[in-house]
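Hello,

Please find the structure below.

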Amino acid sequence: MNITPEITLLTEHVHLLTKEQAWHYRVLPRGAYVDSIELYCGESDDRVALSDELEVLLGKDVQLFPIADEAVARLLSKYYIKDNALQGSAQLTPSNNADDFLVNLIQEAKSLKSSDIHIESYEHKCRVRIRIDGMMVERYLLKRDDYPALINKVKIMANLDISEKRLPQDGRINFRHNDEQFDIRTSVLPTLHGEKVVLRLLSNDAANIDLNNLGFAKEDLENYLQGVRQPNGILLISGPTGSGKTTTLYATLKLLNKETRNILTIEDPVEYTLEGINQVQLKESIGLSFAAALRTFLRQDPDVIMVGEIRDTETANMAIRAALTGHLVLSTIHTNSAWGTVSRLIDMGIPPFLVASTINTTVAQRLIRLLCPRCKTVGEFDPLLYPRQFKPYAEVTHHYTAQGCEECYYTGYKGRKAVYEVIPIDHELAVEIKNGNMYIQKLLADRGIKTLAENAFNLFREGLTSVEEIYPLLFNY
């Protein structure tokens, strides 16, 4: 009997077996009752001997359901991740000690290179999900009785008010355990059935961040560095939350970080610490906003200023003022394309002539999941897989698809890479901005500016990612 891709294990069943039990006996939980348990096992296993041993171990009647040996290996790798750093994590439970559960949960998420931990409460269940390579994965179900203690433990670690359950709260945890040390941004949100907590795991180590390794195409990197080397002006990076904008900014700051430069940043939160750069944490509760910090920065004799995000007109005006007075300003903004940042600033009330005279480079970026090099498979490509209105930049006859293996936890993907769209604002484009002309696609094409869609398509054509992964970008062009 071969397993089908639709077969999944329920989270509440996964924790019926420890990781060691599942791997040792090569069984997986199918269902559970008061006095019995149903388990998947391999077709080649001695089911009689296995059943007898498991009944003694678990103290319940055991029913075995044979599936392909390969399917058992796939499910074990997916649901009982084998990693020395995660020893014993499959049976985590907050029932005995919320402190231990939370510490182990954070360690597990860090080992899996997860960016966020979501702790959520619903009417009939509470659960823990983690985000890996941009995708949410459910890891644990919690008893409702254990949930308040876990939330209070998070609040205590983040120095939040445990008595306040009606209002949102934000905090920060400096996590230290054994040899590990990193910061965790904490957000608590009151919901219908209890408080939801999101923990954003931040890396303090910026040593390995390098612009050359982020995903820039050669021409895009040259255009970007041209903007970075200018002594003044605004360099803006746009993209949705979680698209890697902050990492690109830190890689840029690392490049600019010289003894001869005074660099100031205002951030929310400070995600990396860089020696030689003066970093300020936003604290709006006491009036330390982006705009207020920028106002003070101009009296601190800066050469380079980094603003975490331009999110309102006051901050935009201060950034423009800083650029006009001879400073290089780096920041992020939420728009769908590189050129969209121009219209966004104008919509915020910045006069077009000021936008034209201060912006030197505008960038858009997204993160694309890369296919696992070990298990991706090649096949013939059907052009009908493209969005209906999309015209391919080149002919593709074969493509790679995600399969899944033990190395990628059977997701088919391993790691992510940024794709960019970089527009250097030259004199001709500045004139178009002053004249209010937002339709400059032909001018960009004449300059050889590659769009997000084109750079994503090139990753697909090279076999590094799948058509499903780049589809949303192709749909927009």
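This is a predicted model: local features need pLDDT of at least 70, side-chain atom pairs count only at pLDDT 80 or more; totals for chains, interfaces and linings use all residues.

Residues are numbered from 1 along each chain as its sequence is written, and side-chain values use heavy atoms, with hydrogens and water left out.

The protein chain has 16 helices and 18 strands. Helices (H or I, at least four residues) and strands (E, at least two) are DSSP runs, numbered from the N terminus. Along the principal axes, the C-alpha atoms fill a box of roughly 80 × 60 × 40 Å. Of the 477 residues, 49% are buried; buried means under 20% relative accessible area, exposed over 50% and partly exposed in between, with a 1.4 Å probe and protein chains only. Among contacts (heavy atoms within 4.5 Å) with a separation of 6 or more, 63% are between residues 24 or more positions apart.

Next, the sheet. Six strands form an open, antiparallel sheet in the order β6-β5-β4-β9-β8-β7, where two strands pair if DSSP finds at least two bridges between them. Its edge strands, β6 (135-142) and β7 (169-177), each pair on one side only. On average, neighbouring strands of this sheet are turned by 20° against each other, direction ignored. Helix α6 (residues 147-157) packs on the sheet, and its direction makes about 45° with that of β9. Axes here are lines fitted to C-alpha atoms, for helices over the stretch in contact, and angles run from 0 to 180 degrees between N-to-C directions. Within the sheet, β4 (residues 114-121) and β9 (residues 194-202) pair over four bridges; aspartate 116 has arginine 200 in β9 as its bridge partner.

Helix α9 (residues 290-297) is largely enclosed by the rest of the structure, because six of its eight residues are buried. Phe290, Leu294 and Phe297 are among them. The buried residues of α9 pack against β11, β12, β13 (304-307) and α10 (313-324).

The largest nonpolar core has 58 residues, and those with the most contacts inside it include Trp339, Ile423 and Phe457. A second, separate core of 29 residues includes Cys126 and Tyr140. A nonpolar core is a set of buried Ala, Val, Leu, Ile, Met, Phe, Trp, Tyr and Cys residues joined through side-chain atoms within 4.5 Å.

Last, the aromatic rings. The structure holds 13 aromatic pairs. Rings of Phe, Tyr and Trp (its six-membered ring) pair if their centres lie within 6.5 Å; planes under 30 degrees apart count as stacked, over 60 as edge-to-face and the rest as tilted. Phenylalanine 216 and tyrosine 420 are stacked, at 3.7 Å centre to centre with 10° between the planes. Phenylalanine 216 lies in the loop between β9 and α7 (218-228) and tyrosine 420 in strand β18 (residues 413-424), so the pair ties together parts 204 residues apart in sequence. Both phenylalanine 216 and tyrosine 420 are buried. Tyrosine 250 and tyrosine 272 form an edge-to-face pair, at 4.7 Å centre to centre with 65° between the planes.

Regards
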